Every structure is written in C-alpha cells, then in structure tokens.
Amino acid sequence: MDQGTGPIRVLVVEDSEEDREHLASLLSAAHGMGYALTFASDHVEAERELARAAHDICLLDYQLGARTGLEVLRSAAARRFAGPIVVLTGNDNYEIDLAVMKAGAVDFLSKDSLTAVLIERVIRYAIQQYANQAQFTYLAEHDQITGLFNRRVVQERIARKLAEPPERRAPFVVIYFDLDGFKSINDSLGHNVGDRALAVAAERLQACCSAQVLLGRVGGDEFVAVVDTDDTTEVDAMLRAVLDRFRQPVVVREHRLRVTISIGAARYPEDGADGMTLLTHADAAMYAAKRAGRDRFCWFADVDQATEAEPAELGNELRLALERDELYLVYQPQFELETGRIVALEALSRWHHSRLGPISPTRFVALAETSGFINRLSDWVLSSACRQYLAWRDYGLIDADVVLAVNVSAELVSNAGLLASVRRLIDERGMPPGCLELEFSESALILDNRIFDDLLVALKNMGVRVVIDDVGRGRSTLQSLTRRPVDVLKIDLNCLRGVVDNPSDQAMARAIIALGASLGMRVVAEGVENDGQRRFLADNHCGFAQGFYYAPGLTTPDVTELLAGLTAPIH
C-alpha cells in the first residue's frame, strides 16, 4: 500500500464519542505522517465504509453496542477490504484476542494502553505488514515475468470448480497455448528479449480473453485458460482472434519477431472428469495442432487417439522436452539442525511427459548422458535455477548467505562447456559465485585425477563452492577427499538409512562427520526420513540436513511461500 506524500486514511469504528475524541487527540499528537480520519459509530456504518475501499487502515472497536467487532471482521465487506484491521478493546481478554486474530485482524490492543507513540507505531507497522503479506501472496500466486497466475493457481481453480456438488458443477473448457519456435528467441537474442516477448504474449492473450477467463502461465512459453462455457462456437471465435493477434509481429526494441501460437482445448466433462486429465488432454490437443503445422487450434475430440497412443523413442522425446516445457525444477531446502534455518536450496530437475506422465530423474538423466544431451540439460538447469534464485534474492526472500546447489553429471567433468556456463552466469547474470554450489557424485573421484582436479581448481578460482555428493556409497574414497578443494560433504542417503540400528552405517556416518569437521567442511545429511535419523545426526554433531522429514522437493511457488513465511516445513 503506497501512501505517497498524502495523509494515511484511517477508518475509526467506535460507538463511544469520548473514545472517538481520545483517538483523534492521540493521532493529532503523533509525530509521524498526517492522518485523515473517518468515523463510523456502528456495524452498519462500518461495513458501508469498508466496502467503499477508501481507507488505508481500520481501527475497530470490539464492543459496538449490542454487536461486536468480530461480526464486522467476518463480514463480506471486511474480507474485501484492501487494508489491515486493528481491533481495540477495553477488555484485555486472551480468548477475544485469539478470535479476532483468527478472523483476520492484524493486531489487538487494549484502549487503556494507548499512547500517541504506540498508536502511530501500530498503524505504521500494520500497514507495512499488510503490504508485505500482499507482496508475498502475489509472488506465491503469480508468474514474475508476465504477471499472470502461475501453474499452481490454475490447478487449484480447476480443482475448486470440480469440488462443487455435482448438481452445481457447470461445464467449462481448458485451453493450452504454446508459442511456436519461442526457444530460438532465447537462444539467438537472449533471455531479456525472450522475457519481454513473453510479456507481450501475455498481454495479447489477455486482450483476446474476457475478464471472466482465468488465464495463467504454466511453463516457459505455455499458457492455460479456463473458460466457463460449453459453447464451442464462442470458444472457437475467441481462439481465432488469438491466432490472428499472434500473426502480427512482436516488436521488442529493434527486433521484429514472428511468434505464432498453437492451441489445444478440452471440455469438461466430455474430455475428462478431473483436472489433471483435462490439462493433459488439452496439452495433447495442442501438440496435435503443432504436428498439423502450428499456428492453429485443435479440440481434443478431434485428435487421432491411435496416433496419440503410438510409443515414441524416449531419447528423441527428451530432446524435445525443453521446447515443450515438460522439464521443470523443484527445490529441496537444506536446514541448519540447531536453528531450523534454511541454508541452501538444491535444484532438482523433473520431467512430466505429456503422455507418459512423470519420468524418473534417474532414468532421464542416464538417458541424457548416453544420448549426448546432458550438456544442454545441465546448462538449462544451471541457468533456470540461478535465474529463480536471483529473483528470490531481489525480492528479499532469502538471506545473503543462503546458497543454491546444482548437481553436475560426471559426464561433464571433462567438458569445457560447464566452466563456460558457470562463467556466463557469474559475469552476465550476476550470480554471486560464493552462493553457488556444484555437486559432484562421489563416483567423480575415481575419474582421471588431473582432469577432475583441474576442474575443481578452476571452480574455486571463480569462487564457486564444491560439494561431493553420495559420500559413503563407494566407501573407498574418503582419503582422497583430503587432497581436494572441497567445501561440502553430503552423506549418502543409503548410508543414512541404517544409522538407527546398523553399526556399519553408524561408523561410516560418524567417520564422514568427523572428516568434514577436521577439514573445515560443511557436512550435510541427505535423505533424512525419520526422527531416529535426526537424533543420530544431532547427537553426532552433524550441522545440516535435508530430506522428506523436513521438506520434499518443492515447486517454485511452494518455495516462495516457505521463504516468505506463509507456510512452515514439516519439522
């Protein structure tokens, strides 16, 4: 909420004339900004004023004659009020405090304790807290480039529609939009031009869709709309308008870009009875439009199901997965055991195939390594993860010492492209090198010593932190760690699984923790799944951990909520 240079507009809901005068006197004596006061003396006037949306904050008396401020807080007008509500009372009661805070108040104050300094501070902090909360909520629900809703919100809105009782459930249409050839813009002109082109695409979609259409960006160059209608003629007209609009060049700075669009649509209930099926079928129809020549739309009912079901060679599908935006990242936080503070976020790649569903990371990473696709995949992971990390930093959601961890395939140890990618992220994107951790599997230690050592030295010279993952799996390489410039050791999750009752695993875990401590390395236990493992780590002075016991791999919106304090980790 931005007051600019004008006074703060305060709605005072108070039935006592004496108390109204006292509040006015306190605010006039405050030494901060000026205040423009509006008074309401009962719940009817209060709800009318709240509905006007002409105030920055509301000071609400709890006792309004025979009614209470709690009733006002629960009113539709209060729920729509775009500002904080502070409850004032002459009865300092803990149960009332809990009730009004649960109903949406941001603070609860005793009238007897009010002073000019206190009331000014409460108003200032309440407005700032409300603004921060609104910003965090916005970040958790909206795409940062286009301002549209994100994937999670789209899925939640569809789920909400399907949660209605059957007799009230109305037909609707799910539409997938995918920009044709968009990846070449990023590759040839850079992400700044690409991001602006995405923003223009979002503006064009909004211009063609009515205000009642739910519109979101769900991936790199993919958008989804949900239209409350069963009139396919109406939807056809809207989609033709979208196609026509996208046939016009997109102008970004000195560049005139031709960016057409392919569209797929699926209807509820004909094409699916649940949200995931509808999204998948709309997605399949969109790909059918691409195969038919792009720059067109297709209904799922018109897709050749036999052709859709034909198996494709998975290696070729993986190469297309980036363009199709089937690949995405999740982030698993690492926690400091003593304080519970997040100290790192590990980026993990995921593949949701349009027909086959989720593909195991172990499977597709191995496929990328054998098919020669691993360099491009790793470059995408690094670039995407660093971009998101910098966005969280820019919004002040992570501390300056929180690091980003990215796994590196052993296949890239001798690849000069890895160092070039890292240098580009540091020099061009502004990624702080000390906040980037590259994780190498313990198996990399048995590779050619000179090549691996040269890579580690080059990374350390750039300021990048080096992590050895899966320590304890090979059980023959601990000594070699002492000769290498390593910052972090991660205890292998298979070793950790037996620390509760397996003496061999206990001894190995203790040895890794002791080795890390003696060499000044941070030791992280990964794959923590239960309290017994946590207790073992704490008792043996392991400082950091990650795993499902604390938090799983989280999508970008979920991490944003966690960092913003809107949700809490499991433990």
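The legends below describe close-up views of a predicted model.

**View 1. A five-stranded open sheet with parallel pairing.**
The strand order is β2-β1-β3-β6-β7. The edges are formed by β2 (35-40) and β7 (107-110), each of which pairs on one side only. From one strand to the next, the twist averages 20 degrees. Backbone hydrogen bonds pair the strands of a sheet, in either a parallel or an antiparallel sense.

**View 2. Pairing of β1 with β3, and helix α6 on the sheet.**
Four bridges join strand β1 (residues 8-13) to strand β3 (residues 57-61) in the parallel sense. Leu-11 has Cys-58 of β3 as its bridge partner. Helix α6 packs on the sheet and touches β1, β2, β3, β6 (85-89) and β7. The direction of α6 makes about 125 degrees with that of β3.

**View 3. Contact between helices α1 and α6.**
The axes of α1 (residues 17-29) and α6 (residues 116-141) come within 8 Å and cross at roughly 80 degrees. Because angles of 65 to 115 degrees count as roughly perpendicular, α1 is roughly perpendicular to α6. On the α1 side the contact consists of Leu-26, Leu-27 and Ala-29, which meet Ala-116, Ile-119 and Ile-123 of α6. By class, this contact of α1 with α6 has six nonpolar residues, no polar residues and no charged residues.

**View 4. Packing of helix α7 with helix α11.**
Helices α7 (residues 151-162) and α11 (residues 275-291) pack at an angle of about 125 degrees, and their axes lie 9 Å apart. The two helices are therefore oblique to each other. Gln-155, Ile-158 and Leu-162 make the contact from α7, and Gly-275, Met-276 and Leu-279 make it from α11. The contact of α7 with α11 divides by class into four nonpolar, two polar and no charged residues.

**View 5. The second largest pocket and its lining.**
Two or more lining residues come from each of the strands β16 (342-353), β18 (403-408), β19 (436-441) and β20 (465-471). The helices α14 (361-371), α15 (374-394) and α19 (493-496) also give two or more residues each to the lining. By class, the lining of the second largest pocket holds 17 nonpolar, 13 polar and 10 charged residues.

Terms used. Residues are numbered from 1 along each chain as its sequence is written. This is a predicted model: local features need pLDDT of at least 70, side-chain atom pairs count only at pLDDT 80 or more; totals for chains, interfaces and linings use all residues. Side-chain values use heavy atoms; hydrogens and water are left out. On a 1 Å grid over the protein atoms alone, a cavity is a set of points where a 1.4 Å probe fits but cannot get out, and a pocket is an open set with protein on both sides within 12 Å along at least five of seven lines; lining residues have an atom within 4 Å of a point. Grid points are joined across faces, edges and corners, and a volume is the space filled by probe spheres set on the points. Ala, Val, Leu, Ile, Met, Phe, Trp, Tyr, Cys and Pro count as nonpolar, Asp, Glu, Lys and Arg as charged, and the others, Gly among them, as polar. Axes are lines fitted to C-alpha atoms, for helices over the stretch in contact, and angles run from 0 to 180 degrees between N-to-C directions. Angles under 35 degrees count as roughly parallel, over 145 as roughly antiparallel, 65 to 115 as roughly perpendicular and the rest as oblique. Contact means heavy atoms within 4.5 Å. Two strands pair if DSSP finds at least two bridges between them.
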